[in-house]
Amino acid sequence: MDRLDNTVRPYAWGSTTAIPTLLGTEPTGEPQAEMWMGAHPGAPSRTGRGTLAEVVDADPEKELGPASVARFGPRLPFLLKLLAAGAPLSLQVHPDLAQARAGYEDEERRGVPLDAPHRNYKDANHKPELICALTEFDGLCGFRAPADTADLLDGLGVASLKPYVDLLRAHPEDAALREVLTAILTADPEEMSRTVTEAATACDRLGGAYRPYADIAHHYPGDPGVLAAMLLNHVRLQPGEALYLGAGIPHAYLNGLGVEIMANSDNVLRCGLTPKHVDVPELLRIVRFEAGDPGVLRPEASPDGEEVYDTPIDEFRLSRYVLPEGSGAHDLTLPTPQILLCTAGTVRAGALELAPGRSVFVPAHEKAEVSGTGTIFRATVRV
């Protein structure tokens, strides 16, 4: 197996302390948002044999296993991350596989450069993802029931929000959500900025259920995404709890440290809380206008101690082992590729000792035995 040397991405929304604290390093004062573990071309992990992308490219069947290559092609199908949010990320959705393929082919045909700021589809893959909290973790996930959102908006006492309140109370669920989100994103920018500012002041005054939106408005003053965020369920995960974000589900991460895993894609359609391009017509085509419970996941334990976060897709499978003192060794050998990440204690993976934040890549069929006292996350695929 290969010890991984991973890149930390300094996105502006990142926490300045969460990842350094986990790694036991000194904060630099700069945001440290994401640590990438995998073979993504944007920041592939480094090994003693070259980058992980180079290692996989040199012999895909040996590194990934024949079953994974046959199912997903000659590349690692997932990207594992440590994600540390110190400020809200952009409000966003991801396309399903058919939408991603069609969107990518259309932009390629029209000659839109891959690095163009208005490009929506960077590849032809979907981007389902799972976030598992290591600390208390705040996020937004899926639409709240329209009637409940109407009550929330009405409670602000902002006159310019009354048309949205009326729409949410007068229409069927999907039509209500579509009309209100469309109205928010296509309103006159100056008028919307005034409405958002007035709503944010009320949120700050009222506190309670309004507090998350006051905090969002502090980071993004006047942004229509503040009102779009109020259409969504606010979720606070406890350590060990997770959220699965499938295609078309609007979401944003607000604050906290977690382990994130996703299909290997960069396809994002943004709804707000960002200076980046927002393609409203394409966004509205991708969003699933369905209200419902955000569906907090808790791991399902198996007899060998593996705790699995069950999701409906195959490009990734995330689980963890919480190893108590004296628990002995666990054989994790699989016919598929794995990344093992320690998040607490000291865990030995084969001959390598892992402290918190350290990780290894295990090729398919490679002997993988872990022991020690601590917590280790296991990322692989289903075939």
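L273 sits in the loop between β13 and α12, where helices (H or I, at least four residues) and strands (E, at least two) are DSSP runs numbered from the N terminus. The model is a predicted one, in which local features need pLDDT of at least 70 and side-chain atom pairs count only at pLDDT 80 or more, while totals for chains, interfaces and linings use all residues. Residues are numbered from 1 along each chain as its sequence is written, and side-chain values use heavy atoms, with hydrogens and water left out.

Phi of L273 is near 60°, a positive value in a residue other than glycine. As background, most residues other than glycine have a negative phi. With a relative accessible area of 1%, L273 is buried; here buried means under 20% relative accessible area, exposed over 50%, and partly exposed in between, with a 1.4 Å probe and protein chains only. H365 also has a positive phi, near 70°, and is found in the loop between β20 (359-362) and β21 (369-380). H365 is exposed, at a relative accessible area of 55%.

Two further loop residues are worth a visit. V268 lies in the loop between β12 (251-263) and β13 (269-272) and is buried, with a relative accessible area of 10%. Leaving aside residues up to four places away in sequence, V268 touches Q92, V93, H94, N120 and K127, contact being defined as heavy atoms within 4.5 Å. From C-alpha to C-alpha, V268 and A214 are 25 Å apart in space and 54 residues apart in sequence. D96, in turn, is placed in the loop between β7 (91-93) and α5. At 31% relative accessibility, D96 counts as partly exposed. Not counting residues up to four places away in sequence, D96 touches H126 and A247.

Helix α5 (residues 97-109) comes next. At 1.5 Å a residue, its 13 residues should span 18 Å, and the end C-alpha atoms are 18 Å apart, which agrees; the expected span is 1.5 Å times one less than the number of residues. The buried residues of α5 are Q99, A100, G103 and E107. Seen down the axis of α5, these buried residues fall within an arc of 95°, so they line one face of the helix, the arc being that of the directions from the helix axis to the C-beta atoms. An α-helix has 3.6 residues a turn, so residues three or four places apart point the same way. The buried residues of α5 pack against α12 (280-286), whereas the face turned away from the buried side carries the exposed residues A98 and R109.

In helix α6 (residues 146-154), P146, T149, A150, L152 and L153 are the buried residues. Viewed down the axis of α6, they fall within an arc of 165°, so they line one face of the helix. Their packing partners are α7 (162-170), α8 (173-186) and α10 (211-219). Helix α8 has 14 residues and reaches 20 Å from its first C-alpha to its last, close to the 20 Å expected at 1.5 Å a residue. Buried in α8 are A176, L177, V180, L181, I184 and L185. Down the axis of α8, the buried residues fall within an arc of 145°, so they line one face of the helix.

On a 1 Å grid over the protein atoms alone, a cavity is a set of points where a 1.4 Å probe fits but cannot get out, and a pocket is an open set with protein on both sides within 12 Å along at least five of seven lines; lining residues have an atom within 4 Å of a point. Grid points are joined across faces, edges and corners, and a volume is the space filled by probe spheres set on the points. The structure holds one cavity of 30 Å³ or more, and the largest cavity has a volume of about 40 Å³. L91, F143, L181, A228, L231, L232, P250 and C271 line the largest cavity. By class, this lining has eight nonpolar, no polar and no charged residues, with Ala, Val, Leu, Ile, Met, Phe, Trp, Tyr, Cys and Pro counted as nonpolar, Asp, Glu, Lys and Arg as charged, and the others, Gly among them, as polar. The second largest pocket has a volume of about 230 Å³. Its lining is made up of 14 residues, of which D5, N6, L23, M35 and R358 lie nearest the centre. By class, the lining of the second largest pocket has six nonpolar, five polar and three charged residues.
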